[in-house]
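Subject: Structure handover

Hello,

Here is the structure you were expecting, with notes on what was found in it. Please read the notes with the model open.

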Amino acid sequence: MTFKTDRSENESEEDVQPETFFALTTPQRSIWVDQALHPHRPIYNTGEIFRINGVINRECFIKAIQHVAKENDTLRLRFIEGGEVFQQVADGYEAELEWESFVEYPDPSATAETWVEQFFWRPIEPTEYPLFRFALAKVASDRFILVQKYHHLIADAIGRRFIAEKLATNYNYYIEGNAPPLELSPSYRLAKECENQYQRSTQYRLDRDYWISRLGHLPAPCVGNDLSVSQKVTSGRPHTRTLRLEAAAAAALNSVARSHGVSEFKVIIGIALVALSCLYDRLDIVVGIPVANRDSESAKKMAGLYATAMPFRIGLDLDANFAAMLVELNFKFAEDLRHSRFPVDHIEIDASRRRRRQGLFDVIINYVRCDYDLTLGPAQMHCDVSIGGFAVPWGIRVIKVSKSEPIKFIIEYDGGRVPHEDARQLQCGIDLLLSRMLELPGKSIDEVRTICGSAMSSTDNCAREVLPEMFVGRPPLRVATDRNDRDGVQLRVMQIWQKYFVDKEVSLDDEFFESGGTSLGGLLVIAECNKLFDVKLPVDILFEQLTPAQMATAIRSYRCHVRGGSFVKIREGSNAAPVLLLHPVGGTLICYRELVSRLEVGSAVYGFQASDVDADEDTPQTIGQLAQSYIDAASNALKSERYHLVGWSFGGVVAWEMARRMSERDRLASVTIIDSSAYPTIEYGDEFAALRAELDLDASSISSRGRLDFGSSIAPTSQFFATSPIVTEVELERMAKVVRRMRRLRSQHQNGYLRGNATLIRASETPANIIEEWKTIIDGQLTVVSIPATHYTILKSPHVERVAKIVDRALGGM
């Protein structure tokens with residue numbers, strides 16, 4: 001089989017094919033090629049098995065299948081192979097339903113299940129028509145097993161569920177003696193058209209560059225490359241090992257996930273990565289994570305193949321604890337998802353991998369939901385098993401069977417390429433880590449690997465340990481509060497603090513940063529308080545409310561009303577002109593913490609944080625309005641005659657606009673711009689990178705190594721994240737909205753002319769032309785100082801010491 005590759009850049013496969021045919025999408029082509037390498041093997045049989053309680057009308061069921069095929073052209077796709085491979089929507093389809101009764105057999109259920117298994121694993125050839133099958137096994141007069149199976153070319157997990165739901169809807173019409181309405185789903189041709197548009201877009205090139213950086217210098221494959229012994233060649237079926245969580249372990253998993261603000265699946269990914277690193281003795285792991293890839297509204301309303309496996313890479317740090325790894329995993333997963341539309345097959349791999357037919361990853365970790373029930377007239381149908389393809393040597397399927405039952409794991413492996421002992425060890429390692437789930441967050445990755453290794457080296461068959469009573473629930477911390485804490489707010493705040501300061505006893509008057517707290521830790525404390533008390537404390541409140549007692553007071557006031565202002569007192573000072581700090585694009589002031597601690601002038605320091613996007617209808621719509629609102633707030637609160645303004649990045653633009661307005665009324669003492677551009681900028685995506693920079697994380701490490709590096713921000717104690725939640729997805733999205741809003745304001749803003757003097761502090765890696773940009777819009781002296789730093793490190797040690805001295809001089813203190 002050959003595929004043409006000599007088209008021009010702007011010419012798609014659509015342009016050279018017969019009008020009635022259309023080309024395969026990239027996921028389809030990948031499956032087609034792999035299936036061609038393993039002919040007559042069921043490696044891409046996918047489907048679901050349902051248990052039905054109730055009487056089924058066979059004729060109505062066949063009519064329902066016929067109708068759903070008429071509504072969804074993906075079920076009528078026919079693949080034609082010639083010089084190229086094309087697909088075509090066939091006009092007709094005659095519904096078929098395999099029906100077998102096992103009522104008269106001695107053991108109807110066991111016999112039926114054997115028949116179902118044989119039915120499912122019969123290969124579907126990709127050139128057959130149709131590429132799906134339905135079968136009903138009758139176990140009793142009112143009990144059935146339904147099998148729906150597809151070739152993966154025409155359906156993924158979401159598509160299978162969509163068809164099952166449509167089938168049930170149509171059946172219910174027929175059973176009542178009515179014909180269902182014809183509700184045509186969008187044509188699958190749209191999937192290819194959308195893919196063509198994407199591959200011609202700027203976003204495609206951005207995504208390509210992202211993955212080139214993200215997957216540079218891949219680690220060696222985990223599994224050997226002797227494909228001749230692969231089960232894909234022999235039986236076409238993987239070996240399996242099943243693991244089902246006990247109730248206590250499931251509760252522990254849920255507790256850890258909730259307390260750290262991540263999904264259970266992400267915790268499981270973390271456990272699987274540790275177990276794999278232990279099994280293969282490596283810290284750099286690449287796995288595949290299936291993603292839906294259904295971004296458009298039309299894609300959400302149709303069957304068909306959209307899903308693809310997204311590469312996910314994480315380097316394990318032996319000294320970091322498990323909770324910190326979850327934080328990194330969550331951030332990197334969010335970043336990768338924004339680029340997940342890029343086809344895996346378009347990611348270049350080295351020549352030796354291509355020769356050995358080894359891809360980007362050896363393991364796929366998949367979360368599958370079977371927890372849905374459907375009604376078929378008087379009968380009830382429950383999805384019991386979901387079965388996917390057999391593409392890589394390892395598959396870890398995490399299956400949600402029902403809302404009331406714990407999840408179960410199915411570890412699938414290529415028994416020809418993966419030793420059975422490796423599979424046993426992996427199962428035992430995952431099993432033990434899940435059983436000791438509540439211990440893991442505070443332990444280092446090295447310690448977690450040791451626990452996992454003890455299970456792998458054991459000779460038993462993964463006998464589950466019973467969770468000790470102490471791990472099921474912890475007694476409340478006993479801390480001293482004052483007698484006025486009748487509502488218990490102080491007590492609960494101190495309990496939250498105590499979880500972060502594990503090496504000391506927290507008191508009411510302890511100050512957060514002096515006790516060893518970090519900027520990221522402060523964010524986590526605020527996030528947990530917001531969740532527990534249902535308030536919206538801003539991150540910057542740690543500048544004002546530094547002790548548990550003060551924080552409890554703030555929570556009580558926020559319970560009555562959401563804070564309307566955006567003015568924060570950061571440091572007490574003299575009666576001289578106060579310093580006003582202007583927030584960067586993320587809306588927080590955390591980035592200025594090191595700077596404020598190093599300023600030697602005696603002026604009081606205040607700051608402005610961005611209001612919540614949804615705070616009110618009067619949210620400023622321009623930077624001019626934003627600047628004026630900040631001027632008004634400072635004037636009402638401080639009554640000062642003059643002000644010093646300091647702003648980094650986006651904050652520098654706001655500071656400049658405030659300076660222009662203040663200078664007209666002789667209220668400007670000084671303005672200092674830190675590495676800001678004078679001209680409008682248009683920025684898209686990566687809101688979380690901007691947030692990490694503002695929250696004092698090592699952004700330079702993010703850009704250079706493609707992974708989240710907390711650097712010194714978790715230095716106070718190795719157990720700092722022992723029981724901490726990360727920022728919830730809701731909280732992160734709220735902060736990301738602030739980033740998007742501020743970027744929109746910046747893209748629409750033109751800096752005006754300043755009559756007065758200003759100081760510009762430039763990072764040496766920022767283009768020097770920003771100096772000329774500012775000089776063109778100032779009528780006065782522009783003092784320029786360049787510092788050997790990057791945009792994201794200029795406010796961090798060691799560079800911040802020099803920045804502080806320059807700001808001190810601008811303020812007139814040195």
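How many bridges join β16 to strand β18? There are 4, and β16 and β18 (residues 603-608) run antiparallel. Phenylalanine 567 has phenylalanine 608 in β18 as its bridge partner.

First, the basis. This is a predicted model, in which local features need pLDDT of at least 70 and side-chain atom pairs count only at pLDDT 80 or more, while totals for chains, interfaces and linings use all residues. Residues are numbered from 1 along each chain as its sequence is written, and side-chain values use heavy atoms, with hydrogens and water left out. Helices (H or I, at least four residues) and strands (E, at least two) are DSSP runs, numbered from the N terminus. Two strands pair if DSSP finds at least two bridges between them.

Sheets

An open sheet of 7 strands runs in the order β16-β18-β17-β19-β20-β22-β24, with mixed pairing. Its edge strands, each pairing on one side only, are β16 (567-571) and β24 (782-787).

Elsewhere, strand β13 (residues 379-387) is joined to strand β2 (residues 45-53) by 7 bridges, and these two run antiparallel. Glutamate 48 stands opposite serine 386 in β13. Strand β12 (residues 373-376) is also antiparallel to β13, with 4 bridges; here leucine 376 has alanine 379 as its bridge partner. The hairpin of β12 and β13 has 2 residues between the strands, and glycine 377 takes a positive phi near 60° in it.

Rings

The structure holds 23 aromatic pairs (rings of Phe, Tyr and Trp, the last by its six-membered ring, with centres within 6.5 Å; planes under 30 degrees apart count as stacked, over 60 as edge-to-face and the rest as tilted). Tryptophan 497 and phenylalanine 512 form an edge-to-face pair, 5.3 Å centre to centre with 80° between the planes. Tryptophan 497 is in helix α14 (residues 489-500) and phenylalanine 512 in the loop between α14 and α15 (519-533), so their pairing ties together parts 15 residues apart in sequence. Both tryptophan 497 and phenylalanine 512 are buried (under 20% relative accessible area, where exposed is over 50% and partly exposed in between, with a 1.4 Å probe and protein chains only). Ring pairs also link Tyr93, Phe132, Phe134 and Tyr150 into a cluster.

Two charges sit over rings (NZ of Lys or CZ of Arg within 6 Å of the ring centre and within 35 degrees of the ring normal). Arginine 78 lies over the face of tyrosine 129, 4.3 Å from the ring centre, and the charged end of lysine 149 is over the ring of phenylalanine 119, 4.9 Å from its centre.

Regards
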